Amino acid sequence: MTKIRMTTAQALIKFLNQQFIETKSGTQRFVQGIFTVFGHGNVLGLGQALESDSGELTAYQGRNEQGMAHAAMAFAKQNNRRQIMACTASIGPGSANMLTAAATATANQIPVLLLPSDTFASRQPDPVLQQMEHTYSAAITVNDAFKSVCKYWDRVSRPEQLMAAMLNAMRVLTDPADTGAVAISLPQDVQGEAWEYPESFFQKRIHRIERRLPHPRDITEAADLIIQKCKPVIICGGGVRYSGAGIALKTFAEKFGVPFAETQAGKSAVESSHAYNLGGIGVTGNAAANKLASEADLIIGIGTRFTDFTTGSKSLFRNPEVEFITLNASSFHASKLDATAVVCDAAEGLDALTSPLAERSYQTSPDYQDEISAVKSEWRRERMRLAEVEYSAEGFMPEIAGHLDEKLAEYAGALGSTLTQTRVLAVVNDMIPNDAIVVGAAGSLPGDMQRMWENTVTDTYHMEYGFSCMGYEIAGALGVKLAEPDREVYALVGDGSYQMLHSELVTSLQEQKKINIILLDNGGFGCINNLQMEHGMSSIGTEFRYRGSDGTLNDKLMAIDYAASAAGYGAVTYRVTSIEELKAAIRDARLQNVSTLIDVKVLPKTMTHGYGSWWHVGVAEETDSDTVRAAHKRKLQGLERARLY
């Protein structure tokens, strides 16, 4: 057996270069590159290996470990999980900074390979710089924290352990049913230790993301149930996009007259204008989808995890006769809601269901199809209204009611703007290229985007909402741009998320990968400010205000120039307080060759809200506040109508 003597880190890089994925058009490299933030824990190990022979891997210099791992996740998500990035960080705080990104990737079932450096396997220099000691076990390190947020975890304490660790890593990273973050913990001394690796470890490996076929028995049971139902609604989840099943979904909906609603991950699998596309569902959904879903006698979940917020799964489906069918590659997710489960690839499942339904001439009634058209038309009118909302000094009723409605004049003065959020989004939707990709994640924007955004080109809506991680937006836009270098990419981000994490804007400038940031500044964490007020509280710790003489954070609003901060990095920036300025900024940003930031000042309370959904949040049971007591009573009333499990 031929052997090659090299360090653990060198062997790892050589192995990653030999991983390929099979696609319809042939084979392609599975691991495109590796994001790095070097420190003493990895620069002389993985850093040396990359310097000496990185092969076809592109090494990117991250600015923040969480940010670079978010970019890696976005890259894989935009590639429909067919290509990934790796990320390496130093020990201690460097590696721990990737924990949030690991959780985000795992919650969304997106493959990301994390290579956190670890303390010395030999323990000779313990406690080394940035090492956390545990009095109850010397075997525990910071990297053990990755176990709870990863789909696979291993620690390579000896060079030869790398082989089993990486083969298992590839198994999980290419598993459509159970993928997510994979962490291979690398002690810094082991990274530099040499071993004679068998040449077979470095052979070219072609991985196949298998399309799981449904069992005929399950298809028969599902078809038998559909035949009995009059008002079915499909929920299109992220699995539809990752499977490339958008066309199959359209064909199925048209053939049998079944409408479909979109989750945040499923949005843009099909164009928004399709006759059977109801739009977003759940707490961030619209009136059309939520109305039909609440009356449906059958919910067919395709590639969705039925998370309560994004599908309203515990409270929205109110028909006493409602039953459930699931098509999902994961048996875990397919089994939710006591559904008739079909464990399969989304496209394969839809194709298999078509024959038995066609043979029995299944078709929803003309009355139901008229109802579909009617609710879509009603929502279209509501969206048009939202797109034209303008502030007036007298008699203006914001979309969100709250204790601070009377302070809108104060907001307008502090921000220097009376722009409404829904109108801004409508203008952006109209003006950017149809094939541009929009990226979002947290705050009030996902709800407004899910309701207001209309796509004419598929796979152009990139929302991280499995974890709704603040700070994903700008790093995510970079990852999308690396995946789609020839298309314009726009990060839609609130001022709170921008402050939390925008470091990879600098990486985009360094790599000359242009991203466009549209920052909507409403003076704080507006989404949570709405939430606390809706449930009887006053404003506390959610607006960006100075501390007053009374000791509370309720003095004047802070005026922050986000355009100035981005300009310091080298981005082209714009400050917008009117629709005319917004349109001019979007037009000019299209002409730029470097990353841009449009700082749009918008009035709080002018985002969308409601539309027939209910969300269970914790409300104080004991309080002196009448408004909080009333909110708790409303919560109990909601729970009476909600599904318990």
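UniProt positions are given here in the numbering used for this chain, with feature names shortened, and such annotations may be inferred rather than shown by experiment. The structure is a predicted model, in which local features need pLDDT of at least 70 and side-chain atom pairs count only at pLDDT 80 or more, while totals for chains, interfaces and linings use all residues. Residues are numbered from 1 along each chain as its sequence is written, and side-chain values use heavy atoms, with hydrogens and water left out.

The overall architecture comes first. The protein chain holds 25 helices and 23 strands; helices (H or I, at least four residues) and strands (E, at least two) are DSSP runs, numbered from the N terminus. Its radius of gyration is 26 Å, close to the 26 Å that the globule rule gives for 645 residues, so the chain is as compact as a globular protein of that length. That radius is taken over C-alpha atoms, and the globule rule is 2.2 Å times the number of residues to the power 0.38. The C-alpha trace spans about 75 × 75 × 55 Å along its principal axes. Of the 645 residues in the protein chain, 58% are buried, where buried means under 20% relative accessible area, exposed over 50%, and partly exposed in between (1.4 Å probe, protein chains only). The chain exposes about 25,600 Å², of which carbon and sulfur atoms supply 49%; accessible areas come from the Shrake-Rupley method with a 1.4 Å probe, and for residues only the protein chains shown count as cover. Among contacts between residues at least 6 apart in sequence, 78% join residues at least 24 apart, a contact being heavy atoms within 4.5 Å.

The record divides the chain into annotated regions. In an unreviewed entry, UniProt places "domain: Thiamine pyrophosphate enzyme N-terminal TPP-binding" at residues 31-131. That stretch is 36% helix and 24% strand, and its end C-alpha atoms are 30 Å apart. The UniProt annotation "domain: Thiamine pyrophosphate enzyme central", also from an unreviewed entry, covers residues 219-353. Here the chain is 38% helix and 20% strand, with the end C-alpha atoms 6 Å apart. For "domain: Thiamine pyrophosphate enzyme TPP-binding" (unreviewed entry), UniProt lists residues 442-600; this segment is 40% helix and 16% strand, and its end C-alpha atoms lie 17 Å apart.

Asn80, in the loop between helix 3 (65-78) and strand 6 (84-89), has a positive phi of about 50° although it is not a glycine. With a relative accessible area of 17%, Asn80 is buried. Pro127 belongs to the loop between strand 7 (112-118) and strand 8 (152-155). Strand 8 itself contains Trp153. Apart from neighbours within four places in sequence, Trp153 contacts Asn143, Asp144, Phe146, Lys147, Ala183 and Ser185. Trp153 and Ala567, 414 residues apart in sequence, are separated by 40 Å in space, C-alpha to C-alpha.

Attention now turns to helix packing. Two packed helices are described by the angle between their axes and the distance between the axes. Helix 11 (residues 287-295) and helix 15 (residues 366-387) pack at an angle of about 145°, with their axes 8 Å apart. Helix 11 contributes Ala287, Ala288, Lys291, Leu292 and Glu295 to the contact, and helix 15 contributes Tyr368, Glu371, Ile372, Val375, Lys376 and Trp379. By class, this contact has seven nonpolar, no polar and four charged residues. Axes are lines fitted to C-alpha atoms, for helices over the stretch in contact, and angles run from 0 to 180 degrees between N-to-C directions. Ala, Val, Leu, Ile, Met, Phe, Trp, Tyr, Cys and Pro count as nonpolar, Asp, Glu, Lys and Arg as charged, and the others, Gly among them, as polar.

Helix 15 also takes part in the surroundings of helix 17, whose buried residues pack against helix 15, helix 18 (445-452), strand 20 (489-494), strand 21 (516-521), helix 24 (579-591) and strand 23 (596-601). Nine of the 11 residues of helix 17 (residues 421-431) are buried, so this helix is largely enclosed by the rest of the structure. Among the buried residues are Arg423, Leu425 and Val428.

Lys407 lies in the loop between helix 15 and helix 16 (408-415) and is partly exposed, with a relative accessible area of 32%. Although 197 residues separate Lys407 from Pro604 in sequence, their C-alpha atoms are 9.8 Å apart in space. Lys605, in the loop between strand 23 and helix 25 (626-641), has a positive phi near 70° and is a residue other than glycine. At 1% relative accessibility, Lys605 counts as buried.
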